[in-house]
Amino acid sequence: MGTRGRPRHPDVLTPAEWQVVHAVRHGMSNREIARRREVSVDAVKFHVANALMKLGLDRRAELRTWRGVPADSALRGQGGAEMVQLGAIGQIARPVTDIEQAVDFYGGVLGLLHLYTFGDLAFFDCGGTRLFLSANEGPADPSVLYFRVDDIQAAYDELQARGVEFEQAPHLIHKHDNGVEEWMAFFPDPDGHLLAIMAQTEP
């Protein structure tokens, strides 16, 4: 007689658990994750609890420094010992008060190439550097600079060794329709202004 229920998932976490863990590592609250994923807060708490149990972690905060990578990720296996060199600025983030008005201005008035919009997030191309606009009702923080690196795991390790204090481990931000994954990790400069390293991995 076969076993009942779903077959065991081949990865350490299920796809839904990975999505929630990536969001936790990005610094989102359970309520914000629920809103963006259009699920209940209880569903998010359920996935967080399952992930903690499977990974042998005690607290939600420990997920932010956990270095796990999905089994099917193109990032798996990276993390060599090469000297890390920060590349070109790949993205600049800017808070705006009204995303629709900002899209009209940056696209229609300034003529920047509009890449895509996700809810209250919009992206434009500025000659190879991506402009990331996000709706923000509160006080605006300074723009975030995102530096491109070839190997984000190696860059994370070397910059930590140089004294950089990351807010979380490298984590998946977005997977494009063509399979390209975007991974990021954030850290403050001496004035407390946010910086990031970012990498795009081909499938």
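How much accessible surface does the protein have, and what share belongs to carbon and sulfur atoms? I looked this up first. The accessible surface comes to about 12000 Å², and 51% of that belongs to carbon and sulfur atoms; the areas come from the Shrake-Rupley method with a 1.4 Å probe.

I note that this is a predicted model, where local features need pLDDT of at least 70, side-chain atom pairs count only at pLDDT 80 or more, and totals for chains, interfaces and linings use all residues. Residues are numbered from 1 along each chain as its sequence is written, and side-chain values use heavy atoms, with hydrogens and water left out.

Next, the elements. I find five helices and eight strands, taken as DSSP runs (helices H or I, at least four residues; strands E, at least two) numbered from the N terminus. Their order from the N terminus is α-α-α-β-α-β-β-β-β-α-β-β-β.

Then I checked burial. Of the 203 residues, 39% count as buried (under 20% relative accessible area; exposed is over 50%, partly exposed in between; 1.4 Å probe, protein chains only).

Last, the aromatic rings. I searched the whole structure and found nine aromatic pairs (rings of Phe, Tyr and Trp, the last by its six-membered ring, with centres within 6.5 Å; planes under 30 degrees apart are stacked, over 60 edge-to-face, the rest tilted). Trp-18 and Trp-66 form a stacked pair, 5.4 Å centre to centre with 25° between the planes. Trp-18 lies in helix α1 (residues 15–25) and Trp-66 in the loop between α3 (41–55) and β1 (89–96), 48 residues apart. Both Trp-18 and Trp-66 are buried.
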